[in-house]
Amino acid sequence: MAYPRVSVTEDAAALLRRLRQEHGRPLMFHQSGGCCDGSAPMCYTQGTFLTGSSDVLLGELDAGTGEPVPVWISRAQFEYWSHTHITIDVTAGRGAGFSIEGPTGHRFMIRSRLFTDEEAEDLEPVRTG
């Protein structure tokens, strides 16, 4: 079994379930390396943000929303973070930008760490958009 590149904390999963319920549509994340809030994971309803050939699918989260929550990253940012396990977490505060959790008083954030040598040998493959 391949080691996942991305995971979600229970607190973030709880917020995803709430957002799924409120918006009535499947969710997704996109992590880019842009300015402003571009370094934060942005949560959208699927179809609101369109991915393309310059994006990489890191993996899909099982947040209990009824369907997987895909996590995309720009190819350029993936080059920097390809050796890193990413955990999507949540904290109090309001982020800027277009991420749909803004009105909840919380914002998604990334926690990261380097893969161990053992994990790096057996990573889940990535797919481009």
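Phe108 is buried in this predicted model, with a relative accessible area of 1%. Its ring is paired with that of Phe29, and a search of the whole structure finds three aromatic pairs.

**Phe29 and Phe108**
- The ring centres of Phe29 and Phe108 are 4.9 Å apart and the planes stand at 90 degrees, so the pair is edge-to-face.
- Phe29 belongs to strand E2 (residues 27-31) and Phe108 to strand E7, so that the pair links distant parts of the chain, 79 residues apart.
- Phe29 has 0% relative accessibility and counts as buried, because the cut-off for buried is under 20%.

**Tyr3 and Phe115**
- Tyr3 and Phe115 also form an edge-to-face pair, with 6.1 Å from centre to centre and 90 degrees between the planes.
- This pair links distant parts of the chain, 112 residues apart: Tyr3 is in the segment before strand E1 (6-8), and Phe115 is in the loop between strand E7 (106-114) and helix H3 (117-120).
- Tyr3 is partly exposed at a relative accessible area of 25%, whereas Phe115 is buried at 10% relative accessibility.

**Thr104**
- Thr104 sits in the loop between strand E6 (84-92) and E7.
- With 13% relative accessibility, Thr104 counts as buried.
- A polar atom of the Thr104 side chain lies 2.6 Å from the backbone oxygen of Glu101.
- Neighbours within four places in sequence aside, Thr104 is in contact with Leu15, Arg18 and Leu19.

Key:
Residues are numbered from 1 along each chain as its sequence is written. This is a predicted model: local features need pLDDT of at least 70, side-chain atom pairs count only at pLDDT 80 or more; totals for chains, interfaces and linings use all residues. Side-chain values use heavy atoms; hydrogens and water are left out. Rings of Phe, Tyr and Trp (its six-membered ring) pair if their centres lie within 6.5 Å; planes under 30 degrees apart count as stacked, over 60 as edge-to-face and the rest as tilted. Helices (H or I, at least four residues) and strands (E, at least two) are DSSP runs, numbered from the N terminus. Buried means under 20% relative accessible area, exposed over 50%, partly exposed in between (1.4 Å probe, protein chains only). A polar contact is a pair of N or O atoms within 3.5 Å; within protein, one must be able to donate a hydrogen and the other to accept it, and residues adjacent in sequence count only if both atoms are side-chain atoms. Contact means heavy atoms within 4.5 Å.
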